[in-house]
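User: I would like to go through this model term by term, asking each time what a label rests on. Please start with the terms before the values.

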Amino acid sequence: MRQFAIRMGLAALVAGLAVGSLGPLGSGAAWAASAENGKLAFMKHGCFQCHGTLGQGSVVTSGGKVLTDTQLPYESFQVFVRTTNRAMPPYSEKILSNDDLADIYAYLTSIPKAADYKTIPLLNQ
Amino acid sequence: MTRRRDPKVSRRGFLSGAAVAGAAVTAQGTGYAATGAESKPVDAPRLPSAVRPDARVAAAEVGTPKEMAKDNGAAGSDFMVDVIKTLDIEYLPCNPASSFRGIHESLINYGGNKKPEFLTCAHEESAVAMCHGYFKVAGKPLMTLVHGTVGLQHAAMAVYNAWCDRVPVIIMGGNDLDAAHRPPGVPTFHSAQDINAMVRDFTKWDDTPVSLQHFAQSFVRAYRIAMTPPYEPVALALDAGLQEHPIHENGEKLHIPKYVAATPPAGDANAVREAARLLANAERPVIVADRAARTPNGVKLLVELAELLQAPVVDQGGRMNFPNTHHLRRPPAVIGQADVVIGLELADYWATVNAFIDNGENDGHGLQESRIKPGTKLISINSVELLTKSNYQDFQRFQTVDIGMPADAEATLPALIEAVKAAIPNDRKAAIEKRGEAFRKAKAEAHDRTRALAAIGWDAQPISTARLTAELWPHIKDLDWSMVGSDRQMSNWASRLWPMEKHYHHLGGPGGYGVGYNLPAAVGAALANRALGRFSVNLQTDGDFMYAPGVLWTAARHKIPMLTVMHNNRGYHQEVMHVQRMSNRRNRVASLGNDLGPIGTRIENPDIDYAKLAASMGWWSAGPITDPNELASTFKKAVEVVKSGQPALVDVVTQPR
């Protein structure tokens, strides 16, 4: 539990930096976004089920799409979530509020970039 | 066939209580005279051939048997064992039942419990799935015995999986066919006019032998039919009276037909030549294989064909068709660039060349999109076309192809290879070699991308399925290992990270996607690997595990070594997204209750302790593990246990996929 609290604290800290960096890319909702709330919303709305708790994705459930360290601008992210007609179902505002969506984006942008696989011995056998 | 009866006391000695019960029924005024079956009823409504069991009948069924009358002469079921032994069937995974007590006794006493050896199972579905998994390693079928009604109903889902996965299993169902003489009570509930009817839609052939000679012919015939591509399960109804009658009473001169394997059906020579012409002259030919490699030789043949054409191969994973280390192994996206596609034993050709998006559009039917360019030539070699039934439509949507060969792909490959060699124009050979170089480069780049993806979420808790897979690899890589369970629910990480080159490195999935297959099939596959000295590793989902975990006991009881690693994501994940999709389509928030997924889709609160469950059935076990840094040391211990000949389970709490 303590470890979880530390992780959440770090996530919030990083999120704060990330939200600050949204700058002109972010909408009003995105400016006020919270990565900590975003992590909870990411879980509550079932995003993690297909995308993994860290947005790592899956070839089976997300078509290999990775959300970790996403470079997608917030507006594009928002439009996709609201209107996609592909395998992922669209999430309307009634299901997922703008605030929650912005928080989720903040959470995703707060996740540290993955380590280079070349530095992980198990991936270089 | 009637069970032989003493007119005063039932042959089924332990049913002396039943005889008393029968007398009691008469005394209560059934209207039947008490002296034999030929007496006519007098002034009373006609009763069914057997009555519902009263307390005494039920007590007789479950009570201690009394001494039985001795049979004169060898039992019919002894001859049945003689027949079975000619086919070199190694094992009989089975849950015991009274309707086949005759042959059960013959197998273990007269037959010495060898070929086949009785393996006690806790569920008929587990028994059939064990046969299923065993075949995919050994290439030899097993048989099972089931109670004719209840046992076959338990087994039915596993039979359907075997049907869809084109796997031979010999199922024999005990049955008391003669309603006038079958023992009253439970044997009646467990008998039927035609027990095979229940599985007829998804077995290749079935029969109800009414004599021992009939049995001999039918058993050898069933084996031959099951083992002729397309392989499929077969069923025989095994009459209780036929098992228990002494042989001499039939007055038959019994003989056992010799089994000679059938030649697999190969493609028509003209069609093979035309297919070769298309492939040899194609700019971008693509080979797609699903259940193409029936045997290890199938893998070699497919490599030869691919290298001859320097054509990419998409392995859909029904079997291990093509080494994932080969530069020509490519992802499905290459199909979109093809000008000629050859599909080998594809379960679904339509979905190979079309995409389906389940998004509610098109009046709820979803979107359909072609994956191929207009004008792409399609070739199919598929033995399943030789055997299509109506009711269960596992043959998928209809796809028009330019050349269709209802034939066995592996049996056709040698002729196709020779035809391609003859058809390749000399002036195309350089271009074909150049095509291969491009795939070598693409393969290396793809491997780098895969490893980069595996690094994401490396330290995640719950543990990432990529990390789990990578942590396991160093412990098995120097062994002659075999992955006996599917990694599909784990984002295929094992298939992407572990080099798979031998046919037993990957065995494919259940076929019919009937959940509950993986665990028992893995035990069956591990059983086959045991004799070959291989190390069996099973990646196991939690939902599948809980269908019939009693097979863990079977593995421990019969000392089947295997390492099971739980992919414990605490949910029926496939269904999570279906409910979420429906909720979104109807613009409603999915109701979660107190869980992390829509109500009805999670396996939590309470969380299942798989390590304790396995330990209770005689397995070494560890977990649940939530810290990825604990995996290495735990896997090391577990592997040593398995190498000593015991099964071991490591429970790992994982990401959803």
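Analyst: A residue is called buried if 20 or more other C-beta atoms lie within 10 Å of its own, exposed if 12 or fewer do, and partly exposed in between, with C-beta atoms placed from the backbone. By that count, buried residues make up 40% of the 125 residues in chain A. This is a predicted model, in which local features need pLDDT of at least 70 and side-chain atom pairs count only at pLDDT 80 or more, while totals for chains, interfaces and linings use all residues. Residues are numbered from 1 along each chain as its sequence is written, and chains are lettered from A and ligands numbered from 1 in the order in which they are written.

User: What makes Asp69(A) partly exposed?

Analyst: Asp69(A) has 16 C-beta neighbours inside 10 Å, which lies between the limits of 12 and 20, so Asp69(A) counts as partly exposed. Asp69(A), too, is a residue other than glycine with a positive phi, near 55 degrees, and its place is the loop between helix 4 (47–51) and helix 5 (74–83) of chain A.

User: What secondary structure does chain A have?

Analyst: Chain A comes to six helices and zero strands, which reads along the sequence as α-α-α-α-α-α.

User: How do you know which residues of chain B touch chain A?

Analyst: Two residues are in contact if their C-beta atoms, placed from the backbone, lie within 7 Å. On that criterion 37 residues of chain B are in contact with 31 residues of chain A. Helix 14 (429–455), helix 15 (465–476) and helix 20 (573–585) of chain B each supply at least two residues of that side of chain B, and helix 20 of chain B gives the most, with seven residues. By class, the side of chain B that touches chain A has 18 nonpolar, eleven polar and eight charged residues; Ala, Val, Leu, Ile, Met, Phe, Trp, Tyr, Cys and Pro count as nonpolar, Asp, Glu, Lys and Arg as charged, and the others, Gly among them, as polar.

User: What makes strand 14 and strand 17 of chain B edge strands?

Analyst: Two strands pair if DSSP finds at least two bridges between them. Five strands of chain B form an open sheet in the order 14-15-16-18-17, with parallel pairing, and strand 14 (481–483) and strand 17 (620–625) of chain B each pair on one side only, so they are the edge strands.

User: Why do strand 16 and strand 18 of chain B count as paired?

Analyst: Six bridges join strand 16 (residues 563–568) to strand 18 (residues 648–653) of chain B, and since at least two are required, these parallel strands pair. In strand 18 of chain B, Val650(B) is the bridge partner of Val565(B).

Technical notes:
Helix = DSSP H or I, 4+ residues; strand = E, 2+ residues; numbered from the N terminus.
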